Amino acid sequence: MSRVLPVDPHAPDADVVDEAARVLRGGGLVGLPTETVYGLAACALDEDAVARVFAAKGRPTSHPLIAHVLGEDEARRLAAQWPDVAHRLASAFWPGPLTLIVDRAGDVPSAVAGGGDSIAVRAPSHPVARAVIRALGQPIAAPSANRFQGLSPTTADHVVRQLGTFVGLVLDAGPCAAGIESTVVDVRSPRPRVLRPGALDLPTLRTIAPDVELHSDALAGDELRASPGMQAKHYSPRAQLLLASDRAGAERITVELLARGKSVGLLVLGPSSKRTFPRLAVHSLPPDPVAYAHAMFAALHALDEIGVDAIVVEAVPQDDAWLAVADRLRRAACPG
Ligand code: TXA
Ligand code: MG
């Protein structure tokens with residue numbers, strides 16, 4: 001099982017940071033916090049270490065990883081072109097929860113990019129992630145630290161439970177602030193495209209790139225995938241997840257499942273009159289997209305942990321500010 005080292009999220013202890021850099025330099029994997037979710041880190045320029053990331057996650061090697069850097073200068077070194085819109089977005093939102101897809105520089109190993117000619121780059125704002133990147137002196141490849149298609153980890157404990165047998169060291173800096181992944185924007189074409197809605201919301205993104213469009217993957221999970229990691233089923237708990245269009249629907253499905261002897265987790269938006277009892281666990285999540293995102297994966301992990309048969313979720317508002325949460329819930333509910 002993993003060694004878990006507590007670390008101060010604001011002022012990371014130098015010993016812990018150095019230890020993480022030592023493990024990465026030796027080709028090992030480290031679970032570490034970012035402001036979005038925990039990442040499974042490897043040195044991005046070490047092809048063997050990158051191969052270990054794919055193996056640990058059980059992820060197809062064609063699904064590209066994000067290279068985490070300190071800032072725009074380091075990102076540019078990984079890119080063959082750095083369009084003006086990349087500069088504007090990076091200046092406005094880095095360090096922070098924005099990932100940019102650009103053409104890959106020839107000397108960046110193709111393994112990290114899933115064999116493709118583009119590369120995803122992001123400068124995280126979490127002091128622990130930044131300190132480890134600085135100590136290593138190289139970019140860090142870090143997908144979310146979960147098994148392929150599994151629930152994203154927002155605490156060190158979530159990482160250990162899914163990947164404990166694969167990752168030697170996990171840095172525990174407490175729960176992630178955002179609780180949902182970065183927004184992925186492809187800036188290779190004149191009009192930037194959101195491939196994955198995320199912690200940087202669309203209205204905010206539009207303040208800098210007013211013409212940004214949503215790729216259909218980011219909305220519908222269709223078959224035409226610009227981002228190989230955006231398969232329809234993703235972010236899924238072990239229990240079957242059922243998405244109801246409103247509160248009444250969620251309560252009706254819950255009652256039916258209970259009547260069939262099932263144990264149920266119910267996730268509602270705002271306060272609930274339903275009470276937790278032996279076969280029903282109710283989580284009321286805040287009716288605000290940022291606060292909901294912060295709590296969502298933790299609630300789903302908690303329900304999986306107690307082993308409910310099904311999780312019923314009340315749909316969230318159809319509104320741009322809720323896009324990332326709605327995307328994760330739709331994929332988590334996908335049976336395929
Ligand atoms: O917030 C985050 O982005 C977290 C933290 C750890 O930084 N990382 C993360 O990585 O979510 P991952 O690998 O779980 O998701 C990365 C997403 C996937 O949907 C992947 O397909 C997409 O980014 N992606 C990565 N490289 C790409 C590329 N070259 N072209 C298109 N999509 C890419
Ligand atoms: Mg992921």
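The model is predicted, so local features need pLDDT of at least 70 and side-chain atom pairs count only at pLDDT 80 or more, while totals for chains, interfaces and linings use all residues. Residues are numbered from 1 along each chain as its sequence is written, and side-chain values use heavy atoms, with hydrogens and water left out.

**Overall build**

- The protein has 11 helices and 15 strands, which are DSSP runs numbered from the N terminus, with helices (H or I) of at least four residues and strands (E) of at least two.
- Along its principal axes, the C-alpha trace of the protein spans about 60 × 45 × 35 Å.
- Of the 336 residues in the protein, 56% are buried, where buried means under 20% relative accessible area with a 1.4 Å probe and protein chains only.

**The largest cavity**

- A search of the whole structure finds two cavities of 30 Å³ or more, a cavity being a set of points on a 1 Å grid over the protein atoms alone where a 1.4 Å probe fits but cannot get out.
- The largest cavity holds about 80 Å³ of space, and a volume is the space filled by probe spheres set on grid points joined across faces, edges and corners.
- Its lining consists of 13 residues, of which Pro197, Gly198, Leu200, Asp201 and Leu202 lie nearest the centre; lining residues have an atom within 4 Å of a point.
- Helix H7 (202–206) and helix H11 (323–332) each supply at least two residues of the lining of the largest cavity.
- Domain 1 (3–214) and domain 2 (240–333) each contribute at least three residues to this lining, with domain bounds coming from an automatic or database domain assignment.

Terms used:
Chains lettered and ligands numbered in written order. 1 Å grid on protein atoms, 1.4 Å probe; cavity = no way out; pocket = protein on both sides within 12 Å on 5 of 7 lines; lining within 4 Å. Buried < 20%, exposed > 50% of the residue type's maximum accessible area, 1.4 Å probe, protein only.
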